[in-house]
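Me: I would like to learn how to read a few local features of a model. Please give the general idea, then the case here.

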Amino acid sequence: MGPDSAQDIVRTKGLEIFRHMGAEMPALFDRGWWAGRMMDRVMREPSLKVPLFRFVDVLPALTDGRQIARHAREYFTDGTSPLPWIVNFLPIRYLAKKGVTRVSRTFIAGETPRSALKSLRRLWAEGKPFTVDILGEAVVSEAEADRYRDLYLLLVDTLSREVSGWPPLDPRPEPSFPRLHLSVKISSLYSRIGPANHEDSVREVRRRLLPILAKVREAGGFVNLDMETCNLKEITLDVLTETLDDPGFHDWEHAGVALQAYLKCAERDLRRLIGWAKGRNRRITVRLVKGAYREYETIVARQKGWEIPVFPRKSHTDANFERCVEIALENHEHVTLAVGSHNVRSIAKALATAERLKVPRDRYEFQMLYGMAEPIKRALMKMGFRVREYAPIGELLPGMAYLVRRLLENSSNEGFLQRAFLGHVPPEDLLADPEGYVEAPLEREAEGWVPFSNEPAADFTVRETRTAFRYALTEAGNRMGESYPAVIGGKEYRQGEPIVSVDPARPREVVGTACGITRELADHAVQAARSAQKGWSQRSPGDRAAVLFRAASVARRRRGELAAWQVREVGKSWLEADADVAESIDYLEYYGREMIRLGKAARLGDCPGEENLHLYRPRGVGLVVAPWNFPLAISVGMSSAALVTGNAVLYKPSSLSPVNGWLAFSLLREGGAPAGALNFIPGKGDAVGDRLVGHPEVDFVLFTGSRAVGLQIVEKAGRTGPGQVSVKRVVVEMGGKNAILIDADADLDQAIPAVISSAFGYQGQKCSACSRVIVHADCYDRFLARLCEAVKGLTVGPPEDPANGIGPVIDAAAKERIEATIELGRREGKVAAEIPVPGEGYYVSPTVLTDLPPNSTILREEIFGPVLAVIRAGDMEEAVVLANSSDYALTGGLFSRSPATIRRVGETFEVGNLYINRGITGAVVGRQPFGGFRMSGVGSKAGGPDYLLQFMEPRVITENTMRRGFSPDVLP
């Protein structure tokens, strides 16, 4: 059959569907005037989308009419919304919740399994089977995951008792399509689910899923695993196949999974499942859908620098959907296909393909969303085909995530429903072949340096990435205990005091030993740097930048190795370690380009007869004193910035992370940093650091570390000694006492994971970490209860196992200091949450403290550990006052869905980096230049456009160009 005749059959099937729809076509939403008018307005007026969806999103968190009215005014009276009359003339307090609840009922079958039975009976009476889903995807604790498991079990009990007595829908054998049909989201079954801890996620999801499957099997039902965001796709597929390979389920064929056709890998995944089923001589059900997270997947991929996993156009998705339908139906001996689409063209393609391949009707069915496209459903039923409704159950107002996705789908300008029902596109046009996707050819890079872009994060959804990381950890383990020399002027020195580094997870294991320098070697290092600096500074900015670019290439090649040593030496998790390496690469690429930009002399003014050039010269010799908590990124960032600006660098790594310090030095050396221009000088702070900070031939100092040491450096560097010819420039970053504010309308599903990550990520050992969370009184109790449940579900243990979310603190002194702080909190207030920790290693429990007195040192001093104080505030004005009552001003956060509050807090919260509705750690080079003020430090923001200026002196050269009455720029 040729392509023309195949298209003719599809067109014929599609026109038949349209004929059966007939006059029903305009009735897109058939449940209530408010729902229909609201959705019609959204679909016709795109400018209403953002304010309406945001208002719908926040509505469940609003507890009284006053809050509803205030938010309505903020969203709908800014001059851009087309519905100001709603706010001005109607009782918004009543209308908002009543209206959104009415819309919710359009898409949600009921709030509980029991209350949904009425809707489900109606569907069955109409001849429509259904699959039932429980709303809710985000669980922030293991206790919440247990509750979802129990709710699924209750749902199975309720439905199995009810539906067993209902009459059959048709005479076909029901075992192919059991009447008890359940859809499960795996994200609701494990709070720590994620790609880095893939194996742990699969194991824990299966642990909660198995009793659900067992109960469904006993009841003669069916379970389908929903497909959610792309980062959970591989986990979902492995959960399904590993579970069905279990001896207890290997002969059970009433389980399946959803695949999303908007993913470019959908065909590959479908073929994987077909191969799995063929290899076991069994059947599997595949629900093929278009996908509901397009915007999310695109945004996340662009943020992380990954290839966008979804097709760029809806028509590409439609074409891929049709391709996957063909593949599934061609393999109907092993695949039962559920066609999940409201697109008449896609449905017609499935009908035509099934007819051509003579696929029995018990090998496929159609599935559509509850409350949508009723005319299409009825048309298919008139044609004798089974239509199953996807019917979610859950609280109407909290089910906003699902509702917003339905609204987004319906109001998409490219969507079939929009084009067919409101766009009045003729059926013939709607039935045309969708546009296939063709990979665009890679564009050749123009000559010169390409624009800066951030290094992509490691994609741990890829099995090979996880395998490579484990291999790198093993290789690092095989090289533990090696010795690393000091390097001055290109020559190695090993005569100084040894600096022994141990694994904080296993303190008996030596990671490596660095050879510290003596005071005499410190003086020699200054002279070596001074000697090398002159020649290095005379190289062009482009040549110096090329050193950084080559170092970045080396870091990419050695990425796994560099990250593995951070896991071993400073106790970072996989994600934290890889992010540190990526940030190192970003610094190298960004500062290299910045030097090229700043290295060009600029002409100033427009005055005839003279030429004014503005340019920069390096300061000379710089001392870089690096911390242990970002042992590669901050080391590389500070050293490369000082180096690329033409200075010579004395790089002193932390004595707690000398092996990572050696790696940072090695990157720049392998990139081509000249001997003497870059020197590696490990040493104890009091023996080496003090000497060099006050040395008359050291021109500037870069330091990241504690406030006490930072202030000592500022004071010592400020003294001018004999022989000193310049005023030392000091750039110090000294930490923070950072707070996150939680407004009454905050999305706690979003806020709690962000607070957990910001407070306890890398054991709270970040200068940007959250140590105070200040919560509006109206949601304080709810927030604290869920936060404590989440903390109690964290796992503490060796970080080489990605299942452990919390690793060790850096050393015994830190452990002792943090535990003393916790005991003080226990005496002054209450310990709301803590968990057991391993006996071996420098482990401290992540701890939540409450009810601390306002004058507690815990609320004022930096702790640098996994300790979080929760504070109640009467309103957001008080919250800002509490947040600002600190000597520090580094990072801060706000979770609010009030535009007015966001604006006001942005103006009054005094921090260098303010993050709104996201975590407060993880600043990205070039996007979020990082640094604070007050006691948080002195200097420009790292990773920003003015950072390099600190290491150069500006100069202006003025030339009188007038000779004997004429000047070249004014010649006639």
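Reply: Lys-572 is found in the loop between helix 22 (559-570) and helix 23 (574-598); helices (H or I, at least four residues) and strands (E, at least two) are DSSP runs, numbered from the N terminus. This is a predicted model, in which local features need pLDDT of at least 70, side-chain atom pairs count only at pLDDT 80 or more, and totals for chains, interfaces and linings use all residues. Residues are numbered from 1 along each chain as its sequence is written, and side-chain values use heavy atoms, with hydrogens and water left out.

Me: Is Lys-572 buried or exposed?

Reply: Buried means under 20% relative accessible area, exposed over 50%, and partly exposed in between (1.4 Å probe, protein chains only). Lys-572 counts as buried because its relative accessibility is 0%.

Me: Which backbone oxygen does the side chain of Lys-572 reach?

Reply: That of Asn-629, at 2.9 Å. With contact meaning heavy atoms within 4.5 Å, and residues up to four places away in sequence not counted, Lys-572 also touches others, including Asp-580, Phe-630, Tyr-762 and Pro-799.

Me: What is the phi of Asp-851, and where does this residue lie?

Reply: Most residues other than glycine have a negative phi. Phi of Asp-851 is positive, near 60°, and the residue lies in the loop between strand 24 (847-850) and strand 25 (867-873). Asp-851 is partly exposed because its relative accessibility is 45%.

Me: Which value does phi of Phe-864 take?

Reply: Phi of Phe-864 is near 55°, a positive value in a non-glycine residue. Phe-864 lies in the loop between strand 24 and strand 25, and its relative accessible area of 21% makes it partly exposed.

How values were computed:
Polar contact = N/O pair within 3.5 Å; in protein donor to acceptor, adjacent residues only side chain to side chain.
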